[in-house]
Structure formats: C-alpha cells, structure tokens
Amino acid sequence: MPRKYTQDHEWIEVSGESATVGITNYAQTALGDIVFVDLPKVGAVVKAKQEAAVVESVKAASDVYAPVSGTVTEVNTALTADPGLVNRDPEASGWFFKLKLGNPAEIDALLDQTAYDAQIKALG
Amino acid sequence: MSNDESFLRTLPLTERHRAAEAKMGAFAGYEMPLQYKMGVLHEHLQTRTKAGLFDVSHMGQAYLMGSQAAAALEALVPSDITGLQVGQQRYTVLLNEHGGIIDDLMVLKLAPDLLFLVVNASRKTIDYNLLRHALPRNVTLEVLQERLLVALQGPLAETVLAPLVPEVKSLTFMQGARMGGGIITRSGYTGEDGFELSLPADEGLELVDQLAAHPDVNWIGLGARDSLRLEAGLCLYGHDLDETTSPVEAALNWIVSKNRREAADFAGAGRILAELANGTTRKRVGIKPEGRIIARDATQILDRAGTTIGFISSGGYGPSVGGPVAMGYIESVHAVIDTPVQLEVRGTLYPAKVVALPFTPHRYKK
C-alpha cells in the first residue's frame, strides 16, 4: 500500500495488518537538530491523532501523533542512542514505531502523497 | 512579557537578520532572531569553539548621571557600586523592599559621575519607573534610544575584534570603556570570553557588518543564547529569578558585597541578611538528569521517596555537555552535591542528581 501522511507531518507505511510510523522530512527540517526521542512502550495502545511519542530539539519538545489507532509492536531503539538519525534519514531508517492496526478503515482518512505535497507547498 | 505577535517592535538590525535567513519570533515584545540557517545546536557549538555574534538590542540601555548616582543606586542593589573604579563593571540585581529580585543587570562605571546600565528587555519599563521614583533630584536617568547592543562571544572574540578596535585588548573580564565609537565591555552571558558593544544605531552598523562578515563569526539567535547561558549556570529573569526570589535563594550570595552587609542599607536588607546568617528554605542548584531525558522548565523535582521538593526553573539540552542540563529550586536540606533526586517528565519519574554549576567551565579573560 502506498505511503500516507497526516496534516501534522507524520508518515505511515501500511503492510497488511501492521504499519510503520515516522515523521516527514519537512517535520525534521522544521524541528532542527533532534537531541532526544521519547518512544512509546511496546504493547502501548495508541489512538488516532493522539500523542504517541515526543521528539525534542535543543529549543523545544514536540508531540508525535499516532496517524491511526493500534497497538505498538516495536520501537526503533536506534533513535535512543542516535536521535540525529531522524534528521539524517527521517522517512526510512529514522522510523519511530510499528503498530498492529486497530481500525484499518482509519487509513482512508489520511493524506496521499499528492495531497501532502500540496500541503507542504502551501506552507511555503 | 508579551509575546503577542500582532504588535511587535522591530530593531535596527532586523533587515540584516532576514538577509542571514534568520527564523524570527517574538521575545519581550520585539521581533527577534531565534535561530539562523546553521540551527541552534551548531550555533551553540560555534560560540564555544570560534565566535558568535548576538543581537541583543532589545535590552534596555541607560545612563545614571550625577555625583550621587552610585550612592542612589546602592539603595536598590546589594552590591558595592560606590567602590567601583572607572572602567569597572558589576553584575547585580534590583531589589524590592521584600528582598525579591525586580531585575538582574550590568552596571559599568563609565566616568566619575556616570554609570551605564544594561537591563532585561522584559523588565525595562518596570526598572526605569522604579529608578525614576527612587532617585534623588540630583541623579538623572537617561534612557538611550536608537542604540544597538551586540555581543561577540567565544574564544576567538578578541582575535576578531582587536584588528578593528585595538583598545579592546586592554580589557579584562568585567571592564569597559568608550571605544570603537561606542561603549565596549569585556562581558557577556555565555560563559565564554567576549565583548558587548553598545553602538549608535546609525554609525554602529559598519562595525557590526565587519564583525558579521568575519569568516570565524556567525550570527547566533536567542535559542542558542539560552542553551549557552544555561550550561554556564547563569540565571534568566522570569525563569530562574522573579520578584519573590531573593539573591540568597538564587545562590547569588557573591553579589551581596561585604561593605553592604555591614551597612545593611539596601532594599530588603532585613530578609537578605537573615538568609545569609540562617540559610533559606529553598535554593537554586544544578540538576543533571541521568540518561538522555530532557527536563524543561516547571518539571517537578521529587526526593527518592517521591515527595515533591522543588521544580526546574531552566532546563533543556546542553550541546557542549552532549546531554540534558537543568537548574532548579529545591528545599535547602536536599541542596547538597550528588544528592539523588527524581524528575517527573510526562508522568514518568526519571533519576537525576544535584550538581555544581556551571556545567561548562567559564572561560573569562581574568
């Protein structure tokens, strides 16, 4: 399934009943150098549009929202030792967590690549 | 402090910040550069390793004039001002009658009957009103308008500035004089060697442009200014200092001069002298979170048993330390180096320790 996006600059890649979540290149650029990532616990139940992780730059902490509801099955422990991976490779090895989908129908409400690109363009 | 973006005052260097692709934002009612293209982390490291140029023109600059200027100011501050030599600068605080801190400021004795003050942007109206009410008739407060204030900070600061203003080589930490077409002091608020340059807004631009164009210099925004002063253990008004907090609670005992303790003739002297003799119930300390968790302002500090004993007043990531750093107020019985404490971040408790300040050693030119 093609990658989907939220208006809050998270990406989600769905494969069957599971999905991988991260933040977009636009988000990491806006945040600046990332110095800490607070990941959810494996087994945590997250709800769509609710806080699932926190990403911190030198100047501020920002929430990362779950694009869809589900149960966290895996977190990217590489980010604990190397938070800068989110800046260097946000949309691949800098992923945040994996989910078992709670309600796959929620995916349809997310932005596709074209819609997300249009949003970024509108932001300037 | 108003951060209402609908009515922001702009400062003379704004166009230069835009040209340097600054991200601008509201601070104390002014549109200020928060960071530049380099980003907060690298701006911080640039200042520690080479030199950084900060626009702090939002701060208040004023003269206190008259043969009784120093004596008059002493009624409001706990430091020795009458004893300052011409060319000597002092960090002190304005006090209310309860010994609480109205503002922290720099005082330079520029001439026998002339003091030069630099006060916080967010407090200048309050400070000036306080001074105007308290000053005797023969002492005049003159607020400087159309004035730049830039800080050049870092180990290469002298190397960069001396070819343009050779007299700066003669200054050591907390000294200043008229030079370079303005007033230059060897001071700053990063923990590094460096200078603050107070310049007329028009003629001063040329010197600022020369500094900004130097290959070892970069513009540095308010974001890195905050992380630099936090690592250096320096207080930020409104975070680490306020009108309820005394200099003794803030661990600024050193600004209460010996002769002023004996005279006991400054605002709030009763409380402050009692605190110096008997201690305080709370005190500002350094807090080092273990691991990488960042504890920001207002984070609760708990003892090992889980009882709240204080709060973080300034906290964040220290780029030179390479990890989280913080300062906070805790009950004085816990204010002992290496005392284990806990920090509550997003509902979870994390271990931390009481540590000595600063986190990065000061490198002033003494």
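User: In this predicted model, which side chains meet in a salt bridge at 2.7 Å, N to O?

Analyst: A salt bridge is read from the distance between a side-chain nitrogen of Lys or Arg and a carboxyl oxygen of Asp or Glu, with a limit of 4 Å. Here A:Glu56 and B:Arg296 form such a pair, with N and O 2.7 Å apart. Between chain B and chain A the count is 3 salt bridges. Across the interface there are also 8 residue pairs in polar contact. Helix α2 (residues 40-49) of chain B gives the most to the side of chain B that touches chain A, namely 3 residues.

User: How is the size of the interface to be read, and how much area do chain B and chain A bury between them?

Analyst: The size of an interface is often expressed as the accessible area lost when the parts come together. Chain B and chain A bury about 1300 Å² between them, and 51% of it lies on carbon and sulfur atoms. The contact involves 15 residues from chain B and 16 residues from chain A. On the chain B side, B:Arg292, B:Arg296 and B:Arg346 lose the most area to chain A, together 47% of what that side buries.

User: Is helix α2 of chain B largely enclosed or largely open?

Analyst: The helix is largely enclosed by the rest of the structure, because 7 of its 10 residues are buried. The buried residues are B:Val40, B:Leu41, B:Glu43, B:His44, B:Gln46, B:Thr47 and B:Arg48.

User: Which parts of chain B does the salt bridge of B:Arg260 and B:Glu74 tie together?

Analyst: The closest N and O atoms of B:Arg260 and B:Glu74 are 3.8 Å apart. B:Arg260 lies in helix α8 (residues 258-263) and B:Glu74 in helix α3 (residues 69-74), so the pair ties together parts 186 residues apart in sequence. Both residues are buried.

User: Which salt bridges does B:Glu158 form?

Analyst: The side chain of B:Glu158 meets B:Arg186 in a salt bridge at 3.0 Å. B:Arg186 lies in the loop between β11 (182-185) and β12 (194-200), and B:Glu158 in helix α5 (residues 157-161), so the pair ties together parts 28 residues apart in sequence. B:Arg186 counts as buried at 1% relative accessibility. B:Glu158 also meets B:Lys365, at 3.6 Å. That pair links distant parts of the chain, 207 residues apart, with B:Lys365 in the segment after β19 (348-355). B:Lys365 is partly exposed, with a relative accessible area of 32%. Shared partners likewise join A:Asp38, A:Glu56, B:Arg296 and B:Arg346 into one network of salt bridges.

User: Is A:His9 buried or exposed?

Analyst: A:His9 is buried, with a relative accessible area of 13%. This residue is found in the loop between β1 (4-5) and β2 (10-15) of chain A. Its side chain makes a polar contact of 2.7 Å with that of A:Tyr116.

Notes: Residues numbered from 1 in each chain as written. Chains lettered and ligands numbered in written order. Predicted model: local features only at pLDDT ≥ 70, side-chain atom pairs only at ≥ 80, totals over all residues. Heavy atoms only, no water. Helix = DSSP H or I, 4+ residues; strand = E, 2+ residues; numbered from the N terminus. Buried < 20%, exposed > 50% of the residue type's maximum accessible area, 1.4 Å probe, protein only. Polar contact = N/O pair within 3.5 Å; in protein donor to acceptor, adjacent residues only side chain to side chain. Contact = heavy atoms within 4.5 Å. Buried area = accessible area lost by both parts, 1.4 Å probe.
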